[in-house]
Amino acid sequence: MAQLTIQHGPTERTIAVTPDLPLLDQILAQGVDLPYSCRRGDCGLCAVSLTAGNLAPHEPSQAFRRHDDYLLCNCRLAADAPASIARPWFPELAGIAARRSPCKINALRRLGPDVMEVTLRLPPTTPFHYLPGQHIRLTNAQQVTRSYSLAAPPDADRLLRIHVREVEGGAFSDYLFQRAQTNDLLQLEGPFGHFFLRQRFADRRLIFLATGTGIAPVLALLLALKENKTPPPSPIRVYWGNRTAGQAYLHGTLHALQAEMGFDYQALFSRESGGARDPDDPRHVQQLLTEPAALVDAVVYAAGSAAMVEDARTHCLRLGLAADAFIADPFTPS
Ligand SMILES: Cc1cc2nc3c(=O)[nH]c(=O)nc-3n(C[C@H](O)[C@H](O)[C@H](O)COP(=O)(O)OP(=O)(O)OC[C@H]3O[C@@H](n4cnc5c(N)ncnc54)[C@H](O)[C@@H]3O)c2cc1C
Ligand code: FES
């Protein structure tokens, strides 16, 4: 066993770990609350920086580094020697702590042919604080657990809203679309994630990229901005990609918000075949950012398919965006 020190802003905790097992498993087993989702090096939620010692991949076929960071789900100590890691720390998260609570389905409402809005009700005495853009984990009676982004800022009615797309053969979405009933009991954990508006980037121009239900956390951020007394610099850009126009279930809502808030909104359809379509037209949201000038003094928030998010990250960094100005929320399948 060796000592692992975990720094998190002003706090520090040291635990004993073995080099034989992934660090994430050992840290969680010792009651330290850490964000994670996929547990296989895809989502990036468990990324930390290494401040002392050495780490090695636990499973060589999976990613254990992301840029300068280490992915705890696939890292182990390189030797039986002490190490120190630093978790990302954000002042915005002061007072926000993940918790577990039962919750009930308050309502199920179709927003489109394959998207359901699920409204969740917490027990009246359970406080639940989150930042717009964060996500929760839900577990149903069959013990299937999945992550979903909250689609609205905290509201006086204390209801939580998520948008779920139906996935063919999907364990959780199939339950929600075929069998779920109002008042079904679920277990909720959260809030999690770093997809929230950064205070230190308040004077930057905002670019939102989303695919599919990735628009849910972006909607939460837009609604939070609408409530803000101090609007960010213009123009805000919102680029939303779907396979077909029929899947763009929030088109009307976004048009209405666009009229109210004056942002630049474009919807793209990657599989729509229109006779008059220019073959050079971009079909993917990240292709709309072609000029380095568009990214000067900007911060990019990208949510939805993991492929889009990683492609957009590579694209934006190549155009000169600083790595910390790209804020990602990849919807990595479990
Ligand atoms: C941080 C985070 C936030 C998320 N937020 C949302 C959200 O707001 N709304 C939402 O709908 N989903 C969201 N997801 C995805 C969600 O957690 C589930 O992965 C998704 O609902 C599918 O779960 P399932 O149980 O229905 O399918 P599963 O049983 O997990 O999958 C069934 C099969 O479909 C494949 N599959 C899963 N997802 C997809 C996909 N998108 N496209 C193609 N194939 C797929 C799987 O690989 C598997 O083969 C989020 C994921 C993360 C990590
Ligand atoms: S939990 Fe480690 S990368 Fe997803």
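This is a short tour of a predicted model, stop by stop. Residues are numbered from 1 along each chain as its sequence is written, while chains are lettered from A and ligands numbered from 1 in the order in which they are written. Because the model is predicted, local features need pLDDT of at least 70 and side-chain atom pairs count only at pLDDT 80 or more, whereas totals for chains, interfaces and linings use all residues.

**Domains.** Colour 2-89, 93-192 and 199-330 separately: these are domain 1, domain 2 and domain 3, with bounds from an automatic or database domain assignment. The centres of domain 1 and domain 2, taken over C-alpha atoms, are 28 Å apart.

**The six-stranded sheet.** Next, find the open sheet ordered S2-S1-S8-S3-S6-S5, whose pairing is mixed. Strands here are DSSP runs (E, at least two residues) and helices likewise (H or I, at least four), numbered from the N terminus; two strands pair if DSSP finds at least two bridges between them. Its edges are S2 (11-17) and S5 (65-66). Select 47-52 and 69-71 to see S3 and S6 pair antiparallel over two bridges, with alanine 47 opposite leucine 71.

**The parallel sheet.** Now show S17-S16-S15-S18-S19, an open sheet of five strands with parallel pairing. S17 (264-269) and S19 (326-330) are the edge strands. Zoom in on S15 (205-211) and S18 (298-304), joined over six bridges; isoleucine 207 has valine 300 as its bridge partner.

**Helix H3.** Finally, select 215-227. Its 13 residues should span 18 Å at 1.5 Å a residue, and the end C-alpha atoms are 18 Å apart, so the two agree; the expected span is 1.5 Å times one less than the number of residues.
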